[in-house]
Amino acid sequence: MDLRYTQDEEVFRGQLKEWLAKALPALPPAPDPLDWPGRRAYDTAWQRMLYEAGYAGLHWPADAGGRGATPTQHLIFLEETERAGAPYVGANFVGLLHAGPTIAAEGTVEQRARWLPPVLRGDEVWCQGFSEPGAGSDLASLRTRAVRDGDHYVVSGSKVWTSHAEVADWCELLVRTEPVSDAVPKHRGITWLAMRMDAPGVTVRPLRTLAGSTEFAEMFLDDVRIPVTDRVGAENDGWRVTMVTLSYERGTAFVGEVVACRRTLGELARTARDNGRWEDPALRRRLGRLGAEFAALWRLTQWNVSESQGGGVGSRGGGGFGVPGIGGSVFKLRYSQARQELYEAAADVLGPDALDLAHPWNQDRLSSLSYTIAAGTSQIQQNIVAERILGLPKER
Amino acid sequence: MEFRLTDDQLALRTGFRALLDGRFGREALRAAVERPAIDRALWRELGDAGLFSLRLPEADGGVGLGLPEAVLVFEEAGRALLPGPLVATHLAAGTVPGADTGRTVVAASDGALVEWLAEADEVVGEAGDARPVRSVDPLTPLHRVTGGPEHPGRSAAAVLTAALQLGSAARTTELAVQYAKEREQFGRPIGAFQAVKHLCAGMLVRTELARAAVYAAAVTSEGRWGGADTDAAGAKLLADDAAVRNARDCLQVHGGMGFTWESDVHLHLKRAWVRAGQWITGAEAEELIAAAL
């Protein structure tokens, strides 16, 4: 057990900090958080800067155009960019953290060459077309149909909660290529396709979240023609391909935010000391408890990263590029809850200002409500932990 | 950064688990509940195995390891519900003669409580006004004390006590999962019901979060890095929480069986309550961490 960073890791951190200090002042002012076209321009401009400095796709394998950095270097990158107040991955989230790693792991040489460089450069933005009105946490129940017509799939159906659809160029789309039957269970017969968002037959209707943002949308697909060459993985093998993506999301996609939460907690304490609420022992103790929780979540992150780096030894599974062991679900369950508790405490620190949407904590408070739902609800995560980690019998 | 167990650390943990399985299994635990006393022979065996001298330099006859290793063996002691003033004796190795080898049993005052006072050979700290308590834990005799100087090893004591709690939390998770797989109701193992699954998953989440905090506190306290005291306090807070709440959930999963004296669940819960009151309590930990924010 060693929490010290190696000399190489500290050198990497030093260079990154130096670059951040020079790069960040060159960025334009951040757009309104509700302005997604503005955010796309801002986030992709930042991605371009990362690309030119050699930090794009840091954790991607080198043969996918990334830097092949170690998980610890990725951790340092997330820690220092957040500390420096650099933009979060934002509109590039799906491309960099979902579709990109999936294509890197499962795509052909041609597919990697076509799709990965534009993501790394910030030229192309991806959205996620997974969920449907009848297929949320039960994703395998999706019904959007794709029928083969020569060298194309013809796709019809609808998607919902499609993240970043309003500003995306491409969509990672899950479709059903084989109807469910006695011979084809619902987890089979699903295929992973890359769809151009400007293809004829695609209609996007932005959905407003309860935070007022249009970060996701409804999407209607009416005989959209997608070349067979834009399929990632084999036909009917999309479920396995998707699990690569989802295990990635549950494993490391949220770790950068722990640093932000710890910084916010410090700001909460300072504000409470200034406005007199610190005198309330109950509030003080809640903040102290959150301090312990977020410190432990950070340690859990370091543990997970070390295990994925070591690929074997240790008390938990794990290993390989972005595929977490049991730490991922455990982290996601506790983090999503702790983040909500943090912003509940923030509201109590703010007092009457908790009702003023101009205060950034209140936007964060609203968006924190999605954390126990997105990427598999907490209830589904608990089933996964109970069945796959603890070995309890299946419910059905 | 390599924040995970080394092969040597894994071997140390495996070795201690095997020792305790053989020497203090379930029958020994239940016999001890009926006749609570320190098993002096076992105490010496633990001393010979290095439990107390683990952190003494080899030049002084110790094992020469550190707090991270001590935490691993204390976690095993917590799993086994091993009784006795383990933390106090471990901390006294090198200062109280015979503590390192297990020939001397040492109790210590944390300013509020002393465990095993009457059976101990030596007491560290102020215990002049000690008055016996009818201890909630049948395997931990307690005395109440008021005040006295702070124990010099308070942070390490908190981390080691947190490790005992962690072991107990991990054990009650296993007991609950095992029972949920075996016990049938409505024609199915109760572990197939989502309500039971979610209790068990919550137990694992608490255990793993506490584990990350306890192991990290062992590393940072060892290196005397900044924040060691808040790390120790955070580890104690989360491990207390995991041990107490997991024991309660384990009892719930066991249903009526869990409410009996025969089941071991109450022993875990009662010991967890005792430990939660020792060294750094939840309220103290929260205030300490808040002050550092």
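Tutor: Start with Arg13(A), which touches Tyr5(A), Ile76(A), Glu79(A), Glu80(A) and Arg83(A), leaving aside residues up to four places away in sequence. Arg13(A) sits in helix α1 of chain A, which covers residues 7–23. Is Arg13(A) buried or exposed? Its relative accessible area is 9%, and because the limit for buried is under 20%, Arg13(A) counts as buried.

Chain A has a mean pLDDT of 89, with 93% of its residues at 70 or more. Among the elements of chain A, strand β8 (residues 231–232) has the highest mean pLDDT, 98, whereas helix α6 (residues 238–252) has the lowest, 70. Residues 312–324 of chain A stay under 50 in pLDDT. The model still gives that stretch of chain A 38 contacts beyond four places in sequence. Where pLDDT is low, predicted coordinates should not be read in detail.

Two loop residues of chain A are worth a look for their backbone. His164(A) lies in the loop between β3 (152–163) and β4 (170–176) of chain A. Phi of His164(A) is near 65°, a positive value in a residue other than glycine. Asn236(A) also has a positive phi, near 70°, and is likewise not a glycine. Asn236(A) is placed in the loop between β8 and α6 of chain A. Most residues other than glycine have a negative phi.

Now to the partner chain. Another arginine, Arg206(B), lies in helix α7 of chain B. Its relative accessible area is 18%, so Arg206(B) falls under the 20% limit and is buried. The residues that Arg206(B) touches, not counting those up to four places away in sequence, are Asp241(B), Ala242(B), Arg245(B), Asn246(B) and Asp249(B). With Asp249(B), the side chain of Arg206(B) makes a polar contact of 3.2 Å.

That leaves the contact between the chains. Chain A puts 54 residues into this contact and chain B puts in 49. Together the two chains bury about 4600 Å², of which 66% is on carbon and sulfur atoms. On the chain B side, Met1(B), Arg4(B) and Leu293(B) account for 20% of the area that chain B buries against chain A, more than any other three residues.

Glu287(B) forms a salt bridge with Arg284(A), with 2.7 Å between the closest N and O atoms. The elements of chain B that give two or more residues to its side of the contact include α1 (7–23), α6 (154–182), α8 (228–258) and α10 (282–292). Helix α7(B) gives the most, with 15 residues. By class, the side of chain B that touches chain A has 28 nonpolar, 12 charged and 9 polar residues.

Key: Residues numbered from 1 in each chain as written. Chains lettered and ligands numbered in written order. Predicted model: local features only at pLDDT ≥ 70, side-chain atom pairs only at ≥ 80, totals over all residues. Heavy atoms only, no water. Contact = heavy atoms within 4.5 Å. Buried area = accessible area lost by both parts, 1.4 Å probe. Salt bridge = Lys/Arg side-chain N within 4 Å of Asp/Glu carboxyl O. Helix = DSSP H or I, 4+ residues; strand = E, 2+ residues; numbered from the N terminus. Nonpolar A, V, L, I, M, F, W, Y, C, P; charged D, E, K, R; others polar. Buried < 20%, exposed > 50% of the residue type's maximum accessible area, 1.4 Å probe, protein only. pLDDT = per-residue confidence, 0-100. Polar contact = N/O pair within 3.5 Å; in protein donor to acceptor, adjacent residues only side chain to side chain.
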